[in-house]
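Subject: Structure handover and notes

Dear colleague,

Here is the structure I said I would pass on. My notes on it follow below; please read them with the model open.

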Amino acid sequence: ALADVNNDNKSDIVFANLIRSSRPSSRSTVSILLNAGNGTFSSQTNYSVSGYPSAIAVADVNSDNKHDIIFVNSDRESDNFLEKRNLNFISVLLNKGNGTFFSQTDYKLRLSRISVAVVVADVNSDNKPDIVTANAIFSGVSVFLNTGNGTFSSETDYSAGPHPVSVAVADVNSDNKPDIVTANGRSNSVSVLLNIGNGTFSLQTTYAVGSNPYSVAVANVNCDNKPDIVAANANSSSISVLLNTGNGTFSPQTTYLVSENPHSVAVADVNSDKKSDIVVANTNGNTVSVLLQS
C-alpha cells in the first residue's frame, strides 16, 4: 500500500511479510519504507506481528490525522484459501506519530470466515472509516463499523457469490452511500451489494464475468460520471468490463484478452488523455498488460 504515514507529504510504502517457517521464534512482519525524496526510500522498518498477515490497507481510523495500518490475518500459514484455519482476524496498527506504530489490536472473525481481501471506507456516513473484508470460505463479506478512536464493532456478515477473493467499495448508484462489489472466483461472477443506509447492505445482485475472477476494480471508464466494474479473470486470461447503466445496475460484460492468468487489475489515466486506462498483472505470463482507452 502507498500512503504518507509520517505526515511529510510524501507517499511511503507499506507491505506485509509472511514468514514461512515452523520455528516458534519466527515472526511475520509489517514493513515501512519511508520516502526520502526524489522517489527514493529509506531502509525498511519492521514491526513484528502475530499470525500470518496477507492483504493490507492504510487509512486514518482514529481521526488523529495519521495513517494507520489494517491487515487480514490468520493463525496458520497457507496459500490455499480453502484450507481451514483455527482463528481468523483483522489486525490494526495505530500510528503513534512520525511513521511509527503501536502493537496490533485484533478483531476476531467467526470460525468459518477466511478473509482474503480488505478495504477501508466510511460505509455508514459517520465520517469514520470502517473495514470491509472478502471472505472466501464463507462466500460473503464482513463489515466492521468504526465505533470511534480506532476501535471496531463485531462483524456483520452479508452473502456474496461463491469464493469472493477481491472486494471494492464505491458509490455505484449515486446516492452518496458507498456500495460493495466483490469478485467471486467459484461462480465466475461479480456481486453488487447496495448500501441501504447506516452501513447496512441489500441482498447481492450478481453479474456474469469470465472464468475465475481474481481481482475487481470500480472506476468510471466511459466518461459518464458513473463508476463501472472491471474484473480480471484468471482462468480465461481476460478482463471483463461492465458499464454502469444507472441506479447501480450494470450492462452485460465486454471482454478483452490479456496475457496468461491475470491476478490483479487497476484503473488509471496512464497517458494523460483524461480517459481511464486498465492495467493488469499477469501471473503466469510474468507480464503487465496495459489497455489504453480508445
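Strands here are DSSP runs of type E with at least two residues, helices are runs of H or I with at least four, and both are numbered from the N terminus. Two strands are said to pair if DSSP finds at least two bridges between them.

This is a predicted model, in which local features need pLDDT of at least 70 and side-chain atom pairs count only at pLDDT 80 or more, while totals for chains, interfaces and linings use all residues. Residues are numbered from 1 along each chain as its sequence is written, and side-chain values use heavy atoms, with hydrogens and water left out.

The chain as a whole

The chain has zero helices and 33 strands. Its C-alpha atoms fill a box of roughly 50 × 45 × 40 Å along the principal axes. The radius of gyration, taken over C-alpha atoms, is compared with a globule rule of 2.2 Å times the number of residues to the power 0.38. For 294 residues a compact globule would come out near 19 Å, and the chain has 19 Å, so the two agree.

Buried means under 20% relative accessible area, exposed means over 50%, and partly exposed is in between, with a 1.4 Å probe and protein chains only. By that rule, 50% of the 294 residues count as buried. The chain exposes about 13,200 Å², and carbon and sulfur atoms supply 47% of that area; accessible areas come from the Shrake-Rupley method with a 1.4 Å probe, and for residues only the protein chains shown count as cover.

A contact means heavy atoms within 4.5 Å. Among contacts in the chain with a separation of 6 or more, 39% are between residues 24 or more positions apart.

Strand S14 covers residues 130-135, and valine 132 is part of it. Six of the six residues of S14 are buried, so the strand is largely enclosed by the rest of the structure. Both of its faces are covered: Asp130, Val132 and Ala134 are buried on one side, and Ile131, Thr133 and Asn135 on the other.

S14 pairs with strand S13 (residues 115-121) in the antiparallel sense, over six bridges. Isoleucine 131 stands opposite phenylalanine 144 in S15.

Apart from neighbours within four places in sequence, valine 132 is in contact with Ala117, Val118, Val119, Val123, Ser142, Val143, Val167, Val169 and Ile180. Valine 169 is 37 residues away from valine 132 in sequence, and their C-alpha atoms are 8.3 Å apart.

Loops with positive phi

Most residues other than glycine have a negative phi. The hairpin of S14 and S15 has four residues between its strands, and serine 139 takes a positive phi near 60 degrees there. Serine 139 sits in the loop between S14 and S15 and is buried, with a relative accessible area of 19%.

Asparagine 38 also has a positive phi, near 60 degrees, and is a residue other than glycine. Asparagine 38 lies in the loop between strand S4 (35-37) and strand S5 (40-41). With a relative accessible area of 83%, asparagine 38 is exposed.

An open sheet of four strands has the order S1-S2-S3-S6, with antiparallel pairing. Strand S1 (2-3) and strand S6 (45-49) stand at the edges with a single partner strand each, so one side of each has no neighbour in the sheet. Inside that order, strand S2 (residues 12-17) and strand S3 (residues 28-33) run antiparallel and are joined by five bridges. Phenylalanine 15 stands opposite serine 31 in S3.

Asparagine 7 is in the loop between S1 and S2. Asparagine 7 is partly exposed, with a relative accessible area of 46%. Leaving aside neighbours within four places in sequence, asparagine 7 is in contact with Asn65 and Lys66.

Regards
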